[in-house]
Amino acid sequence: MRRSVRLRLTSLFFLLAAMAAGQQPLDLAAALRTAETANLELRAARQQRTLALAGVTTARQLPNPALGFTAARDTPHEGFLLDIPLELGGKRAKRIAVAQESQKAAEIDIAVLGRQVRRRTREAFFRALSARAQTEQAKAALDLSTRVRDLVQQRYEAGDVAQLEVLQTDVEVARATADYETTAQAQRSADVTLAALLNRSFTETLALSGRVDEIPPAPALEALSSQAMQSSADLLKTAQDLKTEEARLALAKAQRIPNLDLQAGVDFNSPPDFNAGGKGGFSITLPVFYRGQGEVALSTTRIELLRLTLASQRTNVAAQVAAAYFDFLAKAHQAQQYRDRILPRTQRLQEMAEDSYRSGKTSVLTLIDAQRRLNDVRKAYLDAVFSAQSSFAALEEAVGAPLD
């Protein structure tokens, strides 16, 4: 329980520091919203929308007519010819349909990247909170080592222990000081990672609001599996690829219908028959050798492949969601065991060892061993909490939708 109170006090300290600096502290929801709008990788990916719209505009274009002029020694001496190509079989509409399906595929790619950025932002946010908690834990360990050293120094000055015990506690203080300095630098590294995802300055001190030990509850597996079938990134992308390929198949079949070229013109200067006379005609390609068989066969094969891929991915997504779900349950349970059982009992052992040393019943090595064990358990608890938060982020990405 003391650990929980200390984490709350740490969060309150950073919150007050942010308010004093005039900076609005970031909670998890605010960090995710900021990443959604400001992340440079996402902003660059959204430019694909412009490319997809350009593809639709290109597909809407009509073939240009051709105007020709002839001059010859034979009659008629001059002539104009207008050639107007006509697309048959609804090629233009099917071409537009392919471009529109490609546009939807681009939107899905952007959404997939958005979910990846959300997971990375969530992990970076809790890594930054965990780094702050680790720094605070290292400071607590340093304070504990200093208190033990002072206790040993008092007993040495009273003549109860040898100078060797003072040197041993000095070593522990130096070790705790090095750990504290290292964790403080690790905290800065975690802040830089989060700042990059939020498109913030690396030199800016991030003010965070939240607790790393607030682990979300686990939703029901059945609900997660059902939701994943509707929102999984892999399923959405493959399903859209299937729709795009079906549109390409329809276009390939339409391409087998030859286009019609209408021709109209005027001939001039053909004495003594006429000075000006109209003419007209049409031309069409005869599909004797090439009838688009290759394009149709290739598109048909791709459709069959995508259908099989989609069927296999449904099984894989269900397995991935279940695996991520049970991994989260295991890590959340581990963090709970550390919080409710292991950490309180280890702290009690350290207190008992310190009381025994005060009364002269144990050696300083026993006290140092209890102190190290407590520090190791506290670090393991924070690692377990962050591991649970990271596992929840992986579960959220596997489902393909926010879970909290």
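In which loop is Asn199 found? In this predicted model, Asn199 sits in the loop between helix H6 (163-197) and helix H7 (221-231), and its backbone has a positive phi of about 60° although the residue is not a glycine. With a relative accessibility of 34%, Asn199 counts as partly exposed, because the partly exposed class lies between the 20% limit for buried and the 50% limit for exposed.

| Peptide bond | Omega | Location of the second residue |
|---|---|---|
| Thr75 to Pro76, cis | about -10° | Pro76: loop between strand E1 (66-71) and strand E2 (78-86) |
| Pro271 to Pro272, cis | near 0° | Pro272: loop between strand E3 (260-270) and strand E4 (274-284) |

**A proline between H1 and H2**

Another proline, Pro25, lies in the loop between helix H1 (2-21) and helix H2 (28-38). Pro25 has a relative accessibility of 16% and therefore counts as buried, since the limit for that class is under 20%. The C-alpha atom of Pro25 is separated by 4.7 Å from that of Ala207, although these two residues are 182 residues apart along the chain.

**Helix H9 and its neighbours**

Two packed helices are described by the angle between their axes and by the distance between those axes. For helix H9 (residues 293-358) and helix H10 (residues 364-399), the axes come within 8 Å and cross at roughly 165°, which means that H9 is roughly antiparallel to H10. The crossing of H9 and H10 is left-handed, and by class their contact has 26 nonpolar, eight polar and six charged residues.

Which way does H9 run relative to H5, parallel or antiparallel? The axes of helix H5 (residues 91-157) and H9 come within 11 Å and cross at roughly 15°, and H5 and H9 are therefore roughly parallel to each other. Their crossing is left-handed. On the H5 side the contact is made by Leu144, Arg147, Leu151, Val152 and Arg155, while H9 supplies Gln350, Glu354, Tyr357 and Arg358. Sorted by class, the contact of H5 with H9 has four nonpolar, one polar and four charged residues.

**Glu354 in the contact of H5 with H9**

Glu354 belongs to helix H9 and is one of the residues that make the contact with H5. The side chain of Glu354 makes a polar contact with the side chain of Arg147, at 3.0 Å, and Arg147 is among the H5 residues in the contact with H9. Leaving aside residues up to four places away in sequence, Glu354 touches Leu144, Arg147, Leu151 and Leu367.

Methods: Residues numbered from 1 in each chain as written. Predicted model: local features only at pLDDT ≥ 70, side-chain atom pairs only at ≥ 80, totals over all residues. Heavy atoms only, no water. Axes fitted to C-alpha atoms, helices over the stretch in contact; angles between N-to-C directions. Helix = DSSP H or I, 4+ residues; strand = E, 2+ residues; numbered from the N terminus. Parallel < 35°, antiparallel > 145°, perpendicular 65-115°, else oblique. Left-handed = near helix turned anticlockwise from the far one by under 90°. Nonpolar A, V, L, I, M, F, W, Y, C, P; charged D, E, K, R; others polar. Polar contact = N/O pair within 3.5 Å; in protein donor to acceptor, adjacent residues only side chain to side chain. Contact = heavy atoms within 4.5 Å. Buried < 20%, exposed > 50% of the residue type's maximum accessible area, 1.4 Å probe, protein only.
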